[in-house]
Amino acid sequence: TRKLRMPRGIVFLGEMTAVSLCWCPTAVLYNYLTYALFLASVILLYLGLLGEKRGYMVLAGALLGTNVLVRFSNLPEMAMIAAVWAYDFILWREESRKEVSPGTERGGKKKAGKKEGYWHRTLRHTLWCLAGYVAALVFLLSLIHIKYGIDEYITGIGRLFAMTENAQDYKASSMIMGILRHYVENLYWAARIAVIAAGGMALFAGAGWLEALLAGTAGKDKPKGGGTFRDEAAGRGVPALRLGVRILWTGVCAAMIWWLYKRGFCSLLFYSYDPIWRPGPLFLMLTMLIGVIRIFHRNSSREEKLISGLVILTVLVTPMGSNNGILPSLNNLFLAAPYTLWESWRFLRLGERK
């Protein structure tokens, strides 16, 4: 709400959506401690990169390092360093463009500015994050060694990997295929909803063209003493057309929801996972699609590109190390849900610009 100027109502709605989709038992502490530390590290990483604050980056790394001791399968969260590299690349690209821009001093000489190289900045940011990560691991492993002996921890990790002999779904390949399977299965629904959405966009685009035509007709060759009957009819036709298109699209949306319900896309059996089994992956797919679009959109600010990358990584990294497919990602939407609703709201406002 402060950095990205998201409307507070949309953020509140997004957080309520995230809380409503939490399915893990709240009695299992390591689940929610994982999400709390992960979310805090992402926020600190965002603030640290934007403000060039070393302390925030070190602390973000420390929280991710601590998360490994919460649950060993949180180790893949190290992939969040990719956001650092990508953001530094964005900064380097922006600085390079400014360097070749026509802005020069008098006399034809370019302004002398100290520009930090991409690799130097990236190495510096990476070392800051890595310093916090390693420091947290060393400190916590030292406590374990003092209290229990480090051999016990290593033996525990060995027992964890030995589970794959009896539980095949805990193998790395099975976990990744389980995640991909959910997305591939939901392409059936995504394709059909996308066709309906494209039809709606074409409908409103055509209505906008016709509306502009009617408005132009009403104002064309208007006599001094007032408009003709044709002008008045065209003027009245604009709001009537707008209302008619909205009523038609509301009917189409209601029919689509009814069709999805009858085909088993969504369910009202809230004592099971059925209500989120198909809409959930679709929401995650929409989140990642929006994130990719905003990252590569030329009008997106660096702040928006950074948050988009962090959201995509959060969705992709969260289920790693779990045999529950994409369900862990649905349990960790505290950043993604407000972001997705915000970007969708901006798109529906048809052309809001920063």
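These legends describe close-up views of one predicted model.

Residues are numbered from 1 along each chain as its sequence is written, and side-chain values use heavy atoms, with hydrogens and water left out. Because the model is predicted, local features need pLDDT of at least 70 and side-chain atom pairs count only at pLDDT 80 or more, while totals for chains, interfaces and linings use all residues.

View 1. Helices (H or I, at least four residues) and strands (E, at least two) are DSSP runs, numbered from the N terminus. From that end on, the elements run α-α-α-α-α-α-α-α-α-α-α-α-α. The chain has 354 residues, and 36% of them count as buried. Buried means under 20% relative accessible area, exposed over 50%, and partly exposed in between (1.4 Å probe, protein chains only). Contact means heavy atoms within 4.5 Å. Among contacts with a separation of 6 or more, 73% join residues 24 or more positions apart.

**View 2. Helix H3 packs its buried residues against H2, H5 and H6.** H3 has 17 residues. The helix reaches 25 Å from its first C-alpha to its last, close to the 24 Å expected at 1.5 Å a residue. The expected span is 1.5 Å times one less than the number of residues. Buried residues of H3 include Met 57, Ala 60, Leu 64 and Val 68. Gly 61 and Gly 65 are buried too. An α-helix has 3.6 residues a turn, so residues three or four places apart point the same way.

**View 3. Tyr 183 sits in the largest nonpolar core.** A nonpolar core is a set of buried Ala, Val, Leu, Ile, Met, Phe, Trp, Tyr and Cys residues joined through side-chain atoms within 4.5 Å. This core has 62 residues, and Tyr 183, Leu 310 and Leu 333 touch the most other members. H2 gives the most to the core, with 8 residues. Leaving aside neighbours within four places in sequence, Tyr 183 is in contact with Pro 281, Leu 284, Met 285, Met 288, Val 315 and Ile 326.

**View 4. The second largest pocket is lined by 35 residues.** On a 1 Å grid over the protein atoms alone, a pocket is an open set of points with protein on both sides within 12 Å along at least five of seven lines, a cavity is a set where a 1.4 Å probe fits but cannot get out, and lining residues have an atom within 4 Å of a point. Grid points are joined across faces, edges and corners, and a volume is the space filled by probe spheres set on the points. This pocket holds about 960 Å³ of space. Arg 71, Phe 72, Ser 73, Leu 160 and Gly 321 lie nearest its centre. H6 gives the largest share of the lining, 5 residues. The lining divides into 24 nonpolar, 9 polar and 2 charged residues. Here Ala, Val, Leu, Ile, Met, Phe, Trp, Tyr, Cys and Pro count as nonpolar, Asp, Glu, Lys and Arg as charged, and the others, Gly among them, as polar.

**View 5. The structure holds 2 cavities of 30 Å³ or more.** The largest cavity has about 60 Å³ of space. Its lining includes Phe 38, Arg 71, Glu 77 and Asn 332, and divides into 5 nonpolar, 5 polar and 2 charged residues. The second largest cavity has about 40 Å³. Phe 38 and Asn 332 are among its lining residues, along with Leu 39 and Phe 334. This lining has 5 nonpolar, 2 polar and no charged residues. H2 gives the largest share to the largest cavity, 3 residues, and the most to the second largest cavity, with 3 residues.
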